[in-house]
Amino acid sequence: MEATLNARAQPLTGMQWLILATAGLGFAFDIYEVVVQALVLRPVLVDLGGFAPGSREFNHWAGVMLFAPVVLGGLSSLAGGYLTDRLGRQRVLMWSIVLYGTAAFFSGLATSLGELIVWRCITIAGACVEFVAAIAWLTELFPEAKRRESALGWTQACATLGNFVMAGVYFAAVTWGDRLPSIYGAHAAWRYMFIFGALPAIPLIILRPFLPESPVWQAKRAAGTLRRPSFRELFAPRLRRVTILTTALVACGYSLAFGLLQHIPRLVPTLPQIAELSPTQQQQWVSWVHLQQDLGGIAGRVLLALLVTRVIVRGSIYRWTMAAAVVSVPLVLLGPGVHSVGLFGFGAALIALLMAVQHSFWGNYLPPLFPVHLRGTGESFAVGVGGRVLAPFTAIATTQLANLVPGATSMSRLALSMALATGIAVLCGLLLSLRMPEPTADLSED
């Protein structure tokens, strides 16, 4: 297979389409696994913990469930990034998907919160490693700038399909779950949701022998010129500023997910128009608002993909999304949206659009900043530490502030805590973005 897969005069080959389809499927279920625990958090804590929604115990365990798996997954992605640079992009990509598929299946069979958290930690670890390996893999299979940007943009747009699948599966599980085989004598929708996340491992195990390794990485390894990756080198003078600044910026941007979007399934049942409905109807509304959120997400992914077909990714994309977030977060959570489920769904979709643009942005922006032997390691540090270790603190801040801030109802306290935790983070991100470095069109060499 040729080292360069992207001659402009030629259409994509069958192998290239297979590569893009594999990466797109992986990204879709990567997002599914990261987001699904927020969607089913309320019924999980009621079923396995017996906690009353809005109680101190409920808020405590909600923070643990949203925080621990993502943080441990982020730390694991550091090892995954290192292994991606040492063992190869394609090999780590495939085995990470098998890992999170297996753990997702056993998550659906958990009998206690402790057991569930262990399986969720393994699941998220695999998903985080998969993201890092896939980005490095695609970057080097499509080294020409324009086609690389398009490949990364459109495959990451497939991630939102995972959200659509999740919303649809949850609605089906809530509505018709009693027709499915019982698990431990019951038909809990959240168990079916976790088990469904194991499906992508099956086709990818079959496809693995047909997928090529990164030609750039493989050539350097064969020639003996592939340098050993080192986390210490990320903080050498030439990369220190890039490493620290991108890590902080990723953390600020991902706060939209952990401090706000992941708490929306908890907030929807407390909205005035929804609170009086039956539990089943409330969860159906949760799936409907999540679907609106997903529409915003796919719009953001497609928007970024369209942008990168015309321009190389620049820091200005991040800056305008953060500026829009600074304005929209308080309007959605403290304005008329919390009194109208229609307006609230629209606001959630808008914030999901901003988050989706940023998520795809980092996949395009980060790889050219690091040389080949540090591409997986550098990307895993920025996304793993910034997006998976630092950003989840906004999830903890939100759940803890909900116990402290004033408010007449649990809804108003949760909404205010979401606005405070996320608003401060995105404002910091906007200010830091003024010092963003700009990547070059060509990939960095060692």
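First, a word on the model: it is predicted.

Let's talk about aromatic rings. A pair of aromatic rings is described by two things, the distance of the centres and the angle of the planes. This structure holds 15 aromatic pairs. Take F105 and F106 to begin with. They form an edge-to-face pair. Their centres are 5.5 Å apart, and the planes make an angle of 85 degrees. How accessible are these two? F105 has 36% relative accessibility, so F105 counts as partly exposed. F106 has a relative accessible area of 33%, so F106 is partly exposed too.

Now to Y318 and F361. This aromatic pair is tilted. Centre to centre, the distance is 6.1 Å, with 40 degrees between the planes. Where do the two residues sit? Y318 is in helix α15, residues 315-334. F361 is in helix α16, residues 341-365.

F29, Y32 and F196 make up a cluster, linked by ring pairs.

One last stop, away from the rings. Look at T139. T139 lies in helix α5, which covers residues 113-141. Its relative accessible area is 0%. Buried means under 20%, so T139 is buried. Now find A157, 18 residues from T139 along the chain. How far apart are the C-alpha atoms of T139 and A157? The separation is 16 Å.

Notes. Residues are numbered from 1 along each chain as its sequence is written. This is a predicted model: local features need pLDDT of at least 70, side-chain atom pairs count only at pLDDT 80 or more; totals for chains, interfaces and linings use all residues. Side-chain values use heavy atoms; hydrogens and water are left out. Rings of Phe, Tyr and Trp (its six-membered ring) pair if their centres lie within 6.5 Å; planes under 30 degrees apart count as stacked, over 60 as edge-to-face and the rest as tilted. Buried means under 20% relative accessible area, exposed over 50%, partly exposed in between (1.4 Å probe, protein chains only). Helices (H or I, at least four residues) and strands (E, at least two) are DSSP runs, numbered from the N terminus.
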